[in-house]
Every structure is written in structure tokens, then in C-alpha cells.
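This briefing walks through selected features of one protein chain. Keep the structure open while reading.

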Amino acid sequence: MCSKVFVIFVLVPASFLVILLALNTITSRQRQFQWDMNRKDVTSLPQLDRERIQQRAERLAKALTIQTISWERDVFETEALLQLHQHLKNSFPLIHSSPSIQVNVINGYSLLYTIHGSNNDKNDGVLPPYMLAAHLDVVPVANGTWKVADPFEGRIIDGIIYGRGALDDKSSVMGILEALEFLLENKYNFHRTFYIGFGHDEEVSGFEGAGHIAKHLKETGVSHLDFVLDEGYFVLEDLVEGVDDLVSVIGVTEKGYATLELSVEMTPGHSSIPPKETAIGVLAKAVSALETNPHPSMFGHGPEMDFFSYISSSAKIGHSVLFSNLWLLSPLLSKLLSRSPVTDAIQRTTTAVTIIQGGYKHNVIPGSASATVNHRIHPADSLDQVIEHNRRVINDPRVRIKVIDYYPPTPISPYGLDISAFNLIASSVKQIYPSSVIAPACSPANTDLRRYVELSDHLYRITPTVLTPVTRGGIHGDDEQITIEHYHNFIRFYVALMLNADQPEAGHLTVRHHREL
């Protein structure tokens, strides 16, 4: 009797579950997202010769010598920005002399290029304009820590371009303009109007740069952009566990940003007669509580579940079983993600204590102490929820919480096969990296796209070059670099994108929920 019960209630359901998991995995591995490849073939135009590749690399290297550092909000190197403007004029004479291209300097240092198409974008049936975005500024560098070349030397060594901004983000600035200059050289006439926007303060806020570009567009009658493409994720090589193929990650949203101040006020005194608790001690307990009690996982409430669903067909069999059956196994994957800070940041609001202040003399107990906490807020989270979580885990009314700075997560842009703007970008990526797998994701870092949310519902992020475990550390770090070959493909991507976007079928956006695949 017991054996029959065991068979009926244990073995049969378990067997059924195994079969279901296997079928889902097989179906997932057979599914291929056939991104629209019926686009204008880049090879129909003259190919970039090897000599021109070197020249383009040298122009990027020259841009990297110009120290367009943003130090903090409203503090940036204005003379360097003007030098970079001049370098762009010198490097791209056809762009800056074309009667169909208008160049505006926005708020003194940002640049807005308007490429006027032959069709009037106000006529019925004509595709609305789009924008390609990047930024001119870079982050500061630590003195004496670069090993291969000086950060603003702009050296090319063994086919690798070194310098601050090689990946973030002067390669985007130069790559976009190289593509446009190349098409102008080949007498290509654009049908569709589009914009190129380069902000000058993305690294510290984007308010003075992209914020003013957006304001200018609205003041000049531009109320809607079909899509905006900015920097973001990369074409990842050996960076996604369980996947040997390249993974081309397109950001469809980005985390919000909140800086909070924790402060404690207590009675000061002499260190020879210390109280049971001090302001520093109370603050230390609060900081420890935040670090040991992370914000809850939001796995499945953003694009992270679809990221794994999209790559499941290219994953190794064990990973494919997991990625193909998230309807059941998502708690397991969430737990696995939480083991590493890099992957855990995908699924939750993160907490980083960045500054602590308290005390001014070795024998004086201070009356106050404070800490600065930086949160990167998951798209499914909110500032109110973040503060409520903090208050609950700190559980001490003596710790006051003050909001210093806040910007909400950007809305999740629609994605999938029948979202033409996403398909356009994905198919352009596939033209350059045909073996890569496309996947949507949430960007943990902030971009200038947060300044364009009122102009478009389709905001996407990709830096179209290969990122490896070696080159990843150069972003905001030491020895930032890009190979000449990867930069060559960078330019090819923008050539493909501009040509693809100029086709009539690039429009007609389908509106649907992003989870419907």
C-alpha cells in the first residue's frame, strides 16, 4: 500500500516534472530569435580599408589626449571641451560643411547635430526622427596607477588604443561621427531626419548637457523621438557564466539613483568618561544593519528574467535547464545571483556606504556623526520603499535619514521581435556580430537617457564593442583600452544602424507589454 502511495504521489509527479523541464529546455534550445536581417547590406558600400582603419584609430587616440574631465556637478574642464569641439571639426570636414547638417552648441559645451533627411518628417507616413547619444566628458584618473600608458597620452600599442575615454565614451562620439562622415564620403543621401546629441557632463549629472539638449529639442518643436540610443552594456565575451557565445546586451532601462545622509546627534564629552553609546557607535550599528540586510530581490519584476530567457538557447545544457524553466526555478537562480556582488546587483536595489564623518580630536567624544549612503534603485523599487526598508532594518529613531539627491529609475522600454526600434538595434548588432545572442537588461549605471524620458518611450543602451574580463576593469579604472579591430566594428555598427534606420520598415512601432515574446 505504501509503495503504491509513493508511486502515485511522489514518483509520478516527479517524473512528470522532469519531462516538463526537459521539454521546456528542448523547446528553448530550438528557439532562435530571428532578428530581422532584411536590412540594407553594409557590404554594398565601399569597405573600410586597412589604412583608413589606422587613420580612424589615430583620430580617436587624439581625442583621448584632450582632458575633458568632469570633476563634480558644474565643475568641468571648459577649455578642454572647446578643444574637443575643434578636434571634431578638423576630423570630420564633410559633416561640418554639409548644407544638410546643422550643428548647434548647446549651453556652451554640448553639441547637437541635426541631419536633415530628404523627406519632411512632419508629413503623414514619414518616420519620426531618432537620436544617437554619447558624451564628451570623462572621469578623473588616479595618479601613477596606469601601467601601460599615461591616461591622456592617447597611445596606440600593438593594435590597442589606450586612454581615458577609450570605452567611456569618446569611442562612441568618434565612432558615430566616423560612420556619418563615411556615408557622406560615399554620397549617401539620408531620407530620414535624425539627431546626434553629445552631452558634456554625463559623468556628474547630465543636467547641463543632455538636459539642455532635450530642452532645446522641445523648444524647437521636437515633441517625439522614435528612439534614442546611448552608451550602456557591451557585447560581452567570457563574462556570462554558462554561455560561450558573445552576448550582446541591450539596456532597456536603468536603475534609479539616491544619495541619503544618515545622521546621529548626541551629547559630546570627554573620552575619559565615555557614555554607554556614542554618536559614532549608534551610526556604526546603523551602517552595519544596512550592509547585513540587503534590499529584497526584485527578480522577475524587471527585464532580468527575460535576459536569461533570451540567452537560454545558447547556454550550456545545465544552465539551459535553469534558464528555460524560470517559471519554477527562478528562486534558485535568484539565490545563485546573490552569491556575487556583480550578479546580485542585477536583481535588487544596492546599498553602498561611501562617506563616514565623525570625530575631530582623539580625546573628545563627538556630538554628531554622519554617513553618506548611495543606492542604485531597481526599476521595480521606489524611493519610499528604499527609505522604509532602511528605517526598518536600522530600527533606531536616533538615526535620521535625509535625501540628498534622487533620480528615479527610467521606465522599462518595450523590447522583443515586434518592437521595431529594438529589432532595428538588435539586427544592426547581428550584422556586425552574427554569432552573438541578443538579450535585454537593466543597466546598473546611469546614462544621459534619463534626460530624454519625455521625448521617447524607446530608450536603449549599448556600447557596440566587445568587452572582455581584461578590458572591463578599464571602465572608470586603469589602462582603459579598445583594440583597433573592435573600434573598427564599432564604426561598422553605426554605419549599419544609420542605413537600417533609413529604411521605411524601420518604423511602425508595435506597442505591447515587454514580456510578450
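Two strands count as paired if DSSP finds at least two bridges between them. By that rule, strand S11 (residues 256-265) pairs with strand S15 (residues 368-377), since 10 bridges join the two. The model is predicted.

**Overall make-up**

- The protein's secondary structure comprises 15 helices and 19 strands.
- Of its 517 residues, 54% are buried.
- Among contacts with a separation of 6 or more, 81% are between residues 24 or more positions apart.

**Strand S11 and its partners**

- S11 and S15 run antiparallel.
- Within this pairing, Leu262 has Ala371 of S15 as its bridge partner.
- S11 also pairs with strand S16 (residues 400-407), again antiparallel, through 7 bridges.
- Here Thr259 stands opposite Asp405 of S16.
- Is S11 enclosed or open to the outside? Buried residues make up 7 of its 10, so the rest of the structure largely encloses S11.

**The sheet S6-S7-S19**

- An open sheet is built from 3 strands in the order S6-S7-S19, with antiparallel pairing.
- Strand S6 (156-157) and strand S19 (481-483) are the edge strands. Each has a single partner strand, so one side of each has no neighbour in the sheet.
- S6 pairs with strand S7 (residues 160-162) over 2 bridges, in the antiparallel sense.
- Ile156 has Ile161 of S7 as its bridge partner.
- Helix H15 lies across S6, S7 and S19. H15 runs at about 80° to S19.

**Helix pair H5 and H15**

- Helix H5 (residues 170-185) packs on helix H15 (residues 484-501) at an angle of about 55°. Their axes are 8 Å apart.
- The crossing of H5 past H15 is right-handed.
- On the H5 side, the contact is made by Ser171, Ser172, Met174, Gly175, Ile176, Glu178, Ala179, Leu180, Phe182 and Leu183.
- On the H15 side, the contact residues are Tyr487, Phe490, Ile491, Tyr494, Val495, Met498 and Leu499.
- Sorted by class, the contact of H5 with H15 has 13 nonpolar, 3 polar and 1 charged residues.
- An α-helix has 3.6 residues a turn, so residues three or four places apart point the same way.

**Helix H8**

- Helix H8 (residues 304-311) is mostly covered, with 8 of its 8 residues buried.
- The buried residues are Glu304, Met305, Asp306, Phe307, Phe308, Ser309, Tyr310 and Ile311.
- What do the buried residues of H8 pack against? They pack against strand S10 (247-254), helix H9 (317-324), helix H10 (326-337) and strand S17 (437-443).

**Pro128**

- Pro128 sits in the loop between strand S4 (110-115) and strand S5 (130-135).
- Pro128 has a value of 26%, so it is partly exposed.
- Beyond its neighbours within four places in sequence, Pro128 contacts Arg192, His224 and Asp226.
- Pro128 and Phe227 are 99 residues apart along the chain, yet their C-alpha atoms are separated by 9.0 Å.

Note on methods: Residues are numbered from 1 along each chain as its sequence is written. This is a predicted model: local features need pLDDT of at least 70, side-chain atom pairs count only at pLDDT 80 or more; totals for chains, interfaces and linings use all residues. Side-chain values use heavy atoms; hydrogens and water are left out. Helices (H or I, at least four residues) and strands (E, at least two) are DSSP runs, numbered from the N terminus. Buried means under 20% relative accessible area, exposed over 50%, partly exposed in between (1.4 Å probe, protein chains only). Contact means heavy atoms within 4.5 Å. Axes are lines fitted to C-alpha atoms, for helices over the stretch in contact, and angles run from 0 to 180 degrees between N-to-C directions. A crossing is left-handed if the near helix is turned anticlockwise from the far one by less than a right angle, and right-handed if clockwise. Ala, Val, Leu, Ile, Met, Phe, Trp, Tyr, Cys and Pro count as nonpolar, Asp, Glu, Lys and Arg as charged, and the others, Gly among them, as polar.
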